[in-house]
Amino acid sequence: MPSIISVSNLSKTYGSGFTALKNINLEIQRGEIFALLGPNGAGKTTLISIICGIANLSEGRVTVDGHNISTDYRAARSLIGLVPQELHTDAFESVWGTVSFSRGLFGKPKNPAHIEKVLKDLSLWDKKDSKIVTLSGGMKRRVMIAKALSHEPQILFLDEPTAGVDVELRKGMWEVVRTLQAAGVTIILTTHYIEEAEEMADRVGVINKGEIVLVEDKANLMQKLGKKHLKLHLQGKIDKIPPELAAYNLELSDQGNELTYNYDTKGERTGITSLLGDVRNAGIRFYDLDTSQSSLEDIFVSLVRAP
Ligand SMILES: Nc1ncnc2c1ncn2[C@@H]1O[C@H](COP(=O)(O)OP(=O)(O)OP(=O)(O)O)[C@@H](O)[C@H]1O
Ligand SMILES: [Mg+2]
């Protein structure tokens, strides 16, 4: 299936001369939830702003459902809903008024039934006549989502949707996103939170210093997470791994003082029992052992630390 968003060779240099995005290539599949993960200043908001037509690109090409965002801006933009990172709403307008007005901005005819559904889906129906200024932060954020959905977009961008939102509301937000996906909406969200990407996304892209450093199915990432490491701290150092232990693919480290065994927690057998027996039979003694697991966090940290 062709992608719904296609970004090729995209670069962005701001007027200040700062290059915020370097040669980005990214395909977003129709109907997926894609999480863009990266530290502060990585370029997440810049990338989203360009796709949504709020900022201009310096080089490259972006299409949204086949519409080039530079030459066919209106058609591209009408397919997109954006919940920006910075909340700005008309404080003294009512919830109903502000959400209905947003729909009008896209030139769509009035559709009170749709606005009602959006407000109900976001648990804002009982607040429809309240002024924005009287709402809590989490409610305001949901109003921003309602605004973004007012014109029935096929694609929804959520830039840090759960920043400053408490755990319970965050779960509620995830529910909303899943419901939207079930209704056929493609969702791209940015986050600093690895758990959020883990919980929500079908695919994860990691961006750092303006470059995409990894794009992977979450399932594949989770498989990497399923790997554990058993480290044996040896009583005496060894020069090489005895041939009778070759089948275990052990690694020798700390100048021969540590043996590491990598195994899959999702496999039928870990092989630990037989390994320990064979280690003993090979005459190797150890005084301690520990196990560890690589997490998405480790993968992320190692990716963004790389020079
Ligand atoms: N209008 C601008 N002019 C010059 N530089 C900018 C402008 N907007 C953003 N930048 C710079 O571009 C880089 C990327 O910023 P961006 O807002 O895209 O990052 P981000 O990944 O969204 O960060 P955060 O997680 O903090 O929201 C930063 O170094 C930022 O200072
Ligand atoms: Mg940002």
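At what angle do α3 and helix α5 (residues 137–149) pack, and how far apart are their axes? In this predicted model, local features require pLDDT of at least 70 and side-chain atom pairs pLDDT 80 or more, whereas totals for chains, interfaces and linings use all residues. Residues are numbered from 1 along each chain as its sequence is written, chains are lettered from A and ligands numbered from 1 in the order written, and side-chain values use heavy atoms, without hydrogens and water.

The two helices, α3 and α5, pack at about 35 degrees with their axes 7 Å apart (axes are lines fitted to C-alpha atoms over the stretch in contact; angles run from 0 to 180 degrees between N-to-C directions). Val95, Thr98, Val99 and Ser102 of α3 meet Val143, Ala146 and Lys147 of α5, contact being heavy atoms within 4.5 Å.

The magnesium ion (ligand 2) is coordinated by Thr45 (OG1) and Gln85 (OE1) at 1.9 to 2.2 Å (donors are N, O and S atoms within 2.8 Å of the metal, or 3.2 Å for Na, K and Ca; water is not among the atoms, so sites may look incomplete). Thr45 lies in helix α1 (residues 44–51) and Gln85 in the loop between β6 (80–83) and α3 (95–105), 40 residues apart (helices are DSSP runs of H or I, at least four residues, and strands of E, at least two, numbered from the N terminus). Thr45 is partly exposed, at 31% relative accessible area, and Gln85 likewise counts as partly exposed, at 30% (buried is under 20%, exposed over 50%, partly exposed in between; 1.4 Å probe, protein chains only).
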